[in-house]
Each structure stands twice: as structure tokens, then as C-alpha cells.
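Good morning, colleagues. Please bring the model up on your screens, and we shall go through its architecture together.

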Amino acid sequence: MSTRLEAVEGDITLEHVDAVVNAANAHLAPGGGVCGAIFAAAGPGLREACEALGGAPTGEVRATAGFGLPARWILHAVGPVWQGGDRGEEALLASCYRRSVELAAELGARSLAFPAISTGIYGYPVEPAAEVAVATVRSTVEGHPLDRVRFVCFDRRTLAAHRAALGQAPGARRW
Ligand code: APR
């Protein structure tokens with residue numbers, strides 16, 4: 001079975017997939033960026049659910065319900081803060097993508113949407129982050145029953161980086 005991978009431009013809070021990934025902080029607390037958008041769209045139940053989890057280390061992922069989102073689950077992935085590239089950032093970013101795919105499969109999700117973890121407030125350069133994202137998802141989905149994985153990019157540059165990493169033309173559409 002093969003998993004379809006696609007990059008699109010959009011707002012991840014509107015995605016109709018089984019699970020969406022949040023670019024979280026280690027406290028699993030509300031923040032800005034995609035995290036702020038997810039907390040606002042999900043509603044107050046998400047804050048309580050995250051408080052009950054008590055945080056997560058960098059590179060790890062925790063699941064909650066989707067609350068007010070169309071998605072059934074939210075997977076809170078704690079990305080690394082970019083510190084120049086020699087503090088293990090690449091391995092920690094890869095861990096976010098790998099653990100998200102594994103957790104999605106454990107939950108029974110068939111479709112999964114990622115934001116560009118760590119590339120906003122945490123400062124990870126977009127192009128290398130997209131390479132890590134695509135390579136890690138490609139190598140992890142094998143053997144997991146996921147039908148589709150979507151990279152939801154908030155701007156054109158992020159979209160172009162993911163399409164390049166996927167080996168797709170800038171305007172390509174897969175589904
Ligand atoms: N849908 C999809 N992507 C979005 C959305 C959205 N609604 N809003 C922002 N983004 C994009 C950003 O443009 C960026 O490309 O998500 C990417 C990740 O950026 P951030 O949200 O800033 O996440 P990150 O760099 O991982 O920083 C995490 O920011 O919000 C806090 O609590 C969070 O402390 C944590 C830190």
C-alpha cells in the first residue's frame with residue numbers, strides 16, 4: 001500500500017483529515033503561529049486537555065482530541081528551536097515527523113496534515129526543514145496504514161520548499 005504525499009497552501013485548522021499536527025511548545029501551552037490558530041479554532045477544551053498532559057520533551061508528540069476542529073485528533077509535536085544547526089536540531093525535527101506518523105497510525109488515523117514545524121517562531125530555515133519533513137515522512141509511512149499525508153503550507157515559499165522536496169512542479173496537484 002502506498003501513501004499519497006502532497007503539499008498545499010492553506011490554513012491547517014480547516015483541514016478535513018483524521019489528525020492534524022500542531023507545532024507545539026514543551027509546555028503544550030497556547031502560543032502564537034499555528035499553535036495559536038489551533039487553540040483558537042479548537043476552543044477551551046483543548047487547553048484543559050493539554051494541561052492534563054503536563055508537557056512533552058523536544059522531538060516528542062502527544063495526542064489530544066480535535067475538539068472544535070474538523071480533525072478527530074491533534075498531535076502536538078514539540079519542534080526544536082533553531083540554534084545554528086549543530087545542536088541536534090535536524091534529528092529532533094525528524095523525530096517530530098516520525099513520531100507523528102507513528103502516533104497517527106497507532107490511533108487509527110488514515111489521513112494526516114502537518115504544518116512546517118519549527119520554521120516560524122522557532123527559526124528553522126524553511127528549505128532544509130522541508131527536506132527533513134518529506135524524507136522522514138517518506139521513510140516512516142512504509143508499513144503504516146496511512147492513505148494520505150498533506151503538508152499544509154501557510155505561504156508560497158514554504159509551499160515551494162515542500163513541493164521541491166517532494167520532487168513536484170510548483171503548480172502540481174495530486175488530489
Ligand atoms: N496553518 C498552517 N500553517 C500555519 C498556520 C496555519 N493556520 N499559522 C502559521 N503557520 C505556519 C507558519 O507560517 C510557519 O510556516 O506554521 C509554521 C510554523 O510556525 P510557528 O507556528 O511559528 O511554529 P514553530 O516555529 O514551530 O514555533 C513554535 O511558537 O506558537 C508558538 O507555542 C508555539 O512556542 C511554540 C512556537
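Let me begin with a question: is S100 buried or exposed? S100 is buried, because its relative accessible area is 0%; by "buried" I mean under 20% relative accessible area, by "exposed" over 50%, and by "partly exposed" anything in between, with a 1.4 Å probe and protein chains only.

Before going further, a word on the basis of these values. This is a predicted model, in which local features need pLDDT of at least 70 and side-chain atom pairs count only at pLDDT 80 or more, while totals for chains, interfaces and linings use all residues. Residues are numbered from 1 along each chain as its sequence is written, and side-chain values use heavy atoms, with hydrogens and water left out.

S100 is located in helix α3, residues 89–107. Helices (H or I, at least four residues) and strands (E, at least two) are DSSP runs, numbered from the N terminus. Setting aside residues up to four places away in sequence, S100 touches V21, V61, L75, A77, L112 and F114, where contact means heavy atoms within 4.5 Å.

I turn now to the sheet. Its six strands are arranged in the order β1-β6-β5-β2-β4-β3, forming an open sheet with mixed pairing. Two strands pair if DSSP finds at least two bridges between them. β1 (4–9) and β3 (61–65) are at the edges with a single partner strand each, so one side of each has no neighbour in the sheet. On average, and ignoring direction, neighbouring strands are turned by 25 degrees against each other. As a reminder, the strands of a sheet pair through backbone hydrogen bonds, either parallel or antiparallel.

Let us consider individual pairings. β2 and β4 are parallel, with six bridges, and V20 has I74 of β4 as its bridge partner. β2 also pairs with β5 in the parallel sense, over two bridges; here A19 stands opposite L112 in β5. Five of the six residues of β2 are buried, and the strand is thus mostly covered. Strand β5, residues 111–114, in turn pairs with β6 in the parallel sense over four bridges, and F114 has F151 of β6 as its bridge partner.

Next, the helices that pack on this sheet. Helix α2, residues 44–53, touches β3 and β4 (73–78), and its direction makes about 140 degrees with that of β3. Axes here are lines fitted to C-alpha atoms, for helices over the stretch in contact, and angles run from 0 to 180 degrees between N-to-C directions. Helix α5, residues 156–166, lies across β1 and β6 and runs at about 160 degrees to β1.

Within helix α5 we find L159. L159 counts as buried, because its relative accessibility is 9%. Apart from neighbours within four places in sequence, L159 is in contact with A7, V8, E9 and C153.

What is the angle at which α1 and α2 pack? It is about 115 degrees, and the axes of α1 and α2 are 6 Å apart. I38, F39 and A42 of α1 meet L46, R47 and C50 of α2 in this contact. These residues divide into five nonpolar, no polar and one charged. In this classification Ala, Val, Leu, Ile, Met, Phe, Trp, Tyr, Cys and Pro count as nonpolar, Asp, Glu, Lys and Arg as charged, and the others, Gly among them, as polar.

L28, in the loop between β2 and α1, has phi near 55 degrees, a positive value in a residue other than glycine. S118, in the loop between β5 and α4 (126–141), has phi near 75 degrees, again positive in a residue other than glycine. L28 is buried at a relative accessible area of 3%, and S118 is buried at 5% relative accessibility.

Finally, the largest pocket. Its volume is about 570 Å³. A pocket is an open set of points on a 1 Å grid over the protein atoms alone, where a 1.4 Å probe fits, with protein on both sides within 12 Å along at least five of seven lines; lining residues have an atom within 4 Å of a point. The volume is the space filled by probe spheres set on the points, which are joined across faces, edges and corners. Of the 29 lining residues, A23, G33, V34, A116 and G120 are the closest to the centre of the largest pocket. α1 contributes the most to this lining, with four residues. By class, the lining has 16 nonpolar, 11 polar and two charged residues.
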